[in-house]
Amino acid sequence: MFLIYCPYCEEERAEEEFHASGEAHIVRPTDPESLSDEAWGDYVFFRKNPRGNHHELWQHTTGCRKFFYMTRDTATYEIKEIYKVGEQPKVATAPAVPNKYDQFSSEQAVKK
Amino acid sequence: MQHYSGFGLLKHAMSHHENWQRVWRNPTPKKSYDVVIVGGGGHGLATAYYLAKEFGITNVAVIEKGYLGGGNTARNTTIVRSNYLWDESAFLYEHAMKLWEGLSQDLNYNVMFSQRGVLNLGHTLQDMRDISRRVNANRLNGIDGEMLDAQQVKEIVPDMDCSANRRYPVMGASWQPRGGVARHDAVAWGFARGADALGVDLIQQCAVEGFEIEDGTVTGVKTTQYGTIKAGKVGCVVAGNSGVLADMAGLRLPLESHPLQALVSEPIKPILDTVVMSNHVHGYVSQSDKGDLVIGAGIDGYNGYGQRGSYPTIEHTVSAILELFPIFSRVRMNRQWGGIVDTTPDACPLISKTEIENLYFNCGWGTGGFKATPGSGHVFAASLAKGEMHELAKPFSIDRFNTGALIDEHGAAGVAH
Ligand SMILES: Cc1cc2nc3c(=O)[nH]c(=O)nc-3n(C[C@H](O)[C@H](O)[C@H](O)COP(=O)(O)OP(=O)(O)OC[C@H]3O[C@@H](n4cnc5c(N)ncnc54)[C@H](O)[C@@H]3O)c2cc1C
Ligand SMILES: [Zn+2]
């Protein structure tokens with residue numbers, strides 16, 4: 001059971017108020033017209049699945065309904081940091097094989 | 001291998017059951033094998049068994065980081081059925097169903113496969129249309145299935161509340177009489193015993209922590225206990241940890257690992273002699289031979305490897321069961337646990353070669369792979385033995401997520417099971 005701090009409501013609330021929306025910082029293809037099937041497949045279906053720190057997108061669904069980010073350890077379930085959309089993570093993710101098309105990868109997004 | 005029989009039981013009773021042979025050896029691994037299977041769950045053990053039995057490949061090791069069957073194999077709610085919508089999955093699960101029907105005899109091990117029937121309930125008009133489509137598709141594929149109305153459901157499960165004044169009234173169901181349950185740990189043990197007897201080395205308490213890869217071909221696995229073990233071919237069957245193994249090989253898989261929980265009640269007198277599943281209220285329940293109600297539902301929404309989940313999920317599960325069976329409201333729950341399921345975007349498994357030569361994955365069974373255990377092992381063994389994917393396995397390759405040839409079973413498999 002998580003107690004999650006919503007960075008907008010500035011309050012710790014119970015897990016049930018939130019929805020986990022998967023991997024964070026996935027960047028939409030900048031030039032969709034020229035994308036190969038393989039690259040599209042990668043963008044739509046292939047997600048990082050690290051055992052360890054993971055950058056995630058969450059939504060405060062039954063509260064303010066805003067999206068925010070979380071770095072969480074998927075093995076211990078410890079929440080390492082919470083940050084707002086537009087902000088950058090301070091804690092790195094566990095090593096995972098980067099997306100072949102690194103325009104989508106979170107590392108890239110972090111650098112930008 | 002000591003053959004099990006009624007007579008044997010009697011004979012051993014004379015010596016107070018103190019002289020039973022060990023069920024499998026505990027060998028030190030050799031330096032090299034023709035095939036190394038990573039993961040000693042039901043699917044990995046079944047693969048090893050069929051490799052040895054059907055394809056004559058006995059120089060095989062199964063490497064398991066914990067104990068045999070300690071992953072999802074002995075954590076699931078044991079539902080077995082084959083009434084999937086699409087041809088590809090229907091054929092695969094029906095292949096497994098046919099093997100289940102002779103499994104105890106084949107293994108000389110009682111896996112307690114009990115064909116007590118599976119009901120998939122419908123609570124809305126759309127549910128009923130989907131069920132009708134699925135039952136018809138099943139029948140065209142030679143898989144048993146019937147459409148039942150609420151009255152017929154009530155006759156099969158008299159203690160379920162099928163009245164029209166529920167919030168989610170039961171309007172009908174699909175009924176697969178050949179479906180049922182099996183004893184999950186016995187399935188792992190039966191395959192392990194059979195494989196061991198045919199010469200397969202079962203290596204427990206030893207994790208694979210890397211691969212030896214030369215020029216794009218896998219040549220062995222690095223282990224925590226025995227250093228590098230050479231292998232002609234490597235088959236990874238590690239369910240929730242598949243992403244971790246793929247990382248070791250520099251591969252990506254279209255999988256995310258989630259906790260899936262189950263719980264059992266205190267034992268009660270026989271009240272439910274079939275399996276009840278509902279996508280709509282999202283829960284499923286059966287009663288074990290010990291008398292406990294075996295209950296499960298959906299995954300926890302976040303990624304996790306912790307083999308435990310959150311309380312809100314348990315609460316949803318239990319409220320779904322009470323919607324169907326208000327009569328269970330006073331039953332106390334005894335135990336609760338979680339497994340880590342490897343879910344794919346189309347709710348179908350990955351049985352596939354990879355970019356690395358001789359490295360195969362069999363995973364992505366997510367919330368519903370127990371029912372496939374013998375079939376999955378059989379087609380995976382055939383693929384490893386021949387170096388070419390088995391006909392039934394071909395549609396389940398990883399590259400379907402790049403070609404777009406998905407097998408979207410979310411309709412039929414919408415509920416976790
Ligand atoms: C709560 C729950 C309920 C379920 N209910 C049903 C159901 O009713 N019906 C149904 O059909 N399915 C159900 N399932 C799904 C089913 O349990 C799985 O799909 C199936 O058991 C997977 O079997 P497996 O052998 O592939 O995996 P597992 O049994 O998980 O085996 C994988 C093995 O790999 C080992 N391993 C992992 N990493 C390494 C490593 N690095 N080195 C060596 N070994 C490693 C693990 O220790 C584990 O023993 C359920 C699952 C859960 C969790
Ligand atoms: Zn909020």
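This talk covers two ligand sites in a predicted model.

Some ground rules. Residues are numbered from 1 along each chain as its sequence is written, and chains are lettered from A and ligands numbered from 1 in the order in which they are written. Local features need pLDDT of at least 70, side-chain atom pairs count only at pLDDT 80 or more, totals for chains, interfaces and linings use all residues, and side-chain values use heavy atoms, with hydrogens and water left out.

Ligand 1 next. It has 38 residues around it; a residue is near if one of its heavy atoms lies within 4 Å. Coming nearest are Glu64(B), Asn72(B), Thr73(B), Thr77(B) and Lys371(B).

Now polar contacts, meaning pairs of N or O atoms within 3.5 Å. An oxygen atom of ligand 1 sits 2.7 Å from a polar backbone atom of Lys371(B). For Thr77(B), an N or O atom in the side chain is 2.8 Å from a ligand oxygen. How much of ligand 1 does the protein bury? Taken alone, ligand 1 exposes 1,000 Å², and 96% of that is buried. Those areas are Shrake-Rupley, with a 1.4 Å probe.

What makes up the shell? By class, 15 nonpolar, 19 polar and four charged residues. Here Ala, Val, Leu, Ile, Met, Phe, Trp, Tyr, Cys and Pro are nonpolar, Asp, Glu, Lys and Arg are charged, and the others, Gly among them, are polar. Strand 12 of chain B gives the largest share, three residues. Strands are DSSP E runs of at least two residues, numbered from the N terminus. Domain 1 (27–78 + 184–254 + 346–403) and domain 2 (114–179 + 256–343) of chain B both contribute, so ligand 1 lies between them. The bounds come from an automatic or database domain assignment.

Over to chain A and the zinc ion, ligand 2. Its protein donors are Cys6(A) (SG), Cys9(A) (SG), His60(A) (ND1) and Cys64(A) (SG), at 2.0 to 2.3 Å. Donors are N, O and S atoms within 2.8 Å of the metal (3.2 Å for Na, K and Ca). The spacing in sequence is C-x2-C-x50-H-x3-C.

Terms used. A polar contact is a pair of N or O atoms within 3.5 Å; within protein, one must be able to donate a hydrogen and the other to accept it, and residues adjacent in sequence count only if both atoms are side-chain atoms. Helices (H or I, at least four residues) and strands (E, at least two) are DSSP runs, numbered from the N terminus.
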